Amino acid sequence: MAVPFGRTTRSLASQDDRFALAAWSLAGVLLAAWLGWFFLGSVTVYETSGRARLEVQQSAHPVAAVAASKVVASRVALGQAVRAGEVLVELDAANEKLRLSEEQARLAALPPRMESLRREIAATEHARTEDLQAAQAATQAARSRGKEAAAAVEFARQQEQRLKEESAIGGVAQVDALRAAAETHKLTASGEALAAEVRRLELDAQMRVHSRDAQVEALRRTLAGLEGERATAEATVARLQQEIDRHTVRAPVDGVVAELAPLRAGTYVAEGQKLATVVPGGGLVAVAEFAPAAVLGRVQPGMPARLRLDGFPWAQFGTVEARVSHVAGEIRDNAVRVELTPLPDATRAIALQHGLPGAVEIAVERTSPAVLVLRAAG
């Protein structure tokens, strides 16, 4: 009976088993090599971030309006390099400037008034001294006249006594004795009047001194009031100058304007409204956010990493090599912040700059494929 495919059967029967043995040997070698790699080889395990971006080492500084007003002039453009303190935007401060001019005028009028009061106080004190000296001189003169009157009274008394004695023996007329007595009373009264005049002069001198002292005190109170007004005016001027300065928006640091709101003249801005963002110069760092379980206790500073930028396909432009520099110790918004330092590369085709987005892959360990399979199996 004829066998189908007889020629093929005879051809196969005539072949040697060496080919089958070689094929099985090759398969065994490949399997042994794969098993060796599977158990003894090592692969790098990467942790990939959810999002990442390039930032300057110093934080970008937002520029906001600290006072609500209208824009008078804008002296900044997007991408412009600015210096710290440079005026970026001027806001309307006409009302504050008018109040400042008024306070400065009031302040300028105070020093002459104060100087006039000081001169008046000095003149009043000088007049007080002169009044006191004049009163002392008048009092001294009255006392001298009092002494003179006392001497005359004493002489008159002695004369009266002598005339009385002579009148008693008939040596002189009685009328002369009476005239001497009257003269004695007259001189005594005159002496008492001079003593009263001395007391009056002393009291008048004290009253005039007290009056001058009261004038000086009143002038000093007025001067103190003017000094208080000057201090208040100076504080008001300083406050208004500070308020005017609040209407001038300045660059906080040296850098480049990376963001700018439309600021046409007449535009009203609210207090605290963000007007621009100034990015300071300096080196770049890659900032990535990871799930807490992926990095806490696993990622350490110094670990190698690579940054893939979204706008530059890695197959064409490659990746940016980096190293971990800082790992945050606190969780924020269910993520952990990791900072990486890009490594210098002269052949890099990408010009790195602030704000480029991408993803970060950190090499956390090297282990065998078998360990990875066992981990995946739990």
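**Salt bridges, pair by pair**

Start with Arg53, which counts as partly exposed because its relative accessibility is 34%. Keep in mind that you're looking at a predicted model. What does Arg53 pair up with? Its partner is Glu55, and the two form a salt bridge whose closest N and O atoms sit 2.8 Å apart. Glu55 is the buried end of this pair, at 18% relative accessibility; the cut-off for buried is under 20%, so Glu55 makes it into that class.

Now move along to helix H3, which covers residues 94–168. Here Glu103 and Arg106 bring their side chains together in a salt bridge, with 3.0 Å from N to O. Why does the spacing come to about one helical turn? Because Glu103 and Arg106 are three residues apart in the helix. On the accessibility side, Glu103 is buried at 13%, while Arg106 is partly exposed at 35%.

Stay in helix H3 for another pair, Glu115 and Arg118, again three residues apart, or about one turn. The closest N and O atoms of this salt bridge are 3.8 Å apart, and the cut-off is 4 Å, so the contact counts. Are these two residues buried or partly exposed? Glu115 comes out as partly exposed at 37%, and Arg118 is partly exposed too, at 33%.

Back to where we began: salt bridges with shared partners tie Arg53 and Glu55 into one network with Arg337 and Glu339. And how many salt bridges turn up in the whole structure? A search finds 19 of them.

Key: Residues are numbered from 1 along each chain as its sequence is written. This is a predicted model: local features need pLDDT of at least 70, side-chain atom pairs count only at pLDDT 80 or more; totals for chains, interfaces and linings use all residues. Side-chain values use heavy atoms; hydrogens and water are left out. Buried means under 20% relative accessible area, exposed over 50%, partly exposed in between (1.4 Å probe, protein chains only). Helices (H or I, at least four residues) and strands (E, at least two) are DSSP runs, numbered from the N terminus.
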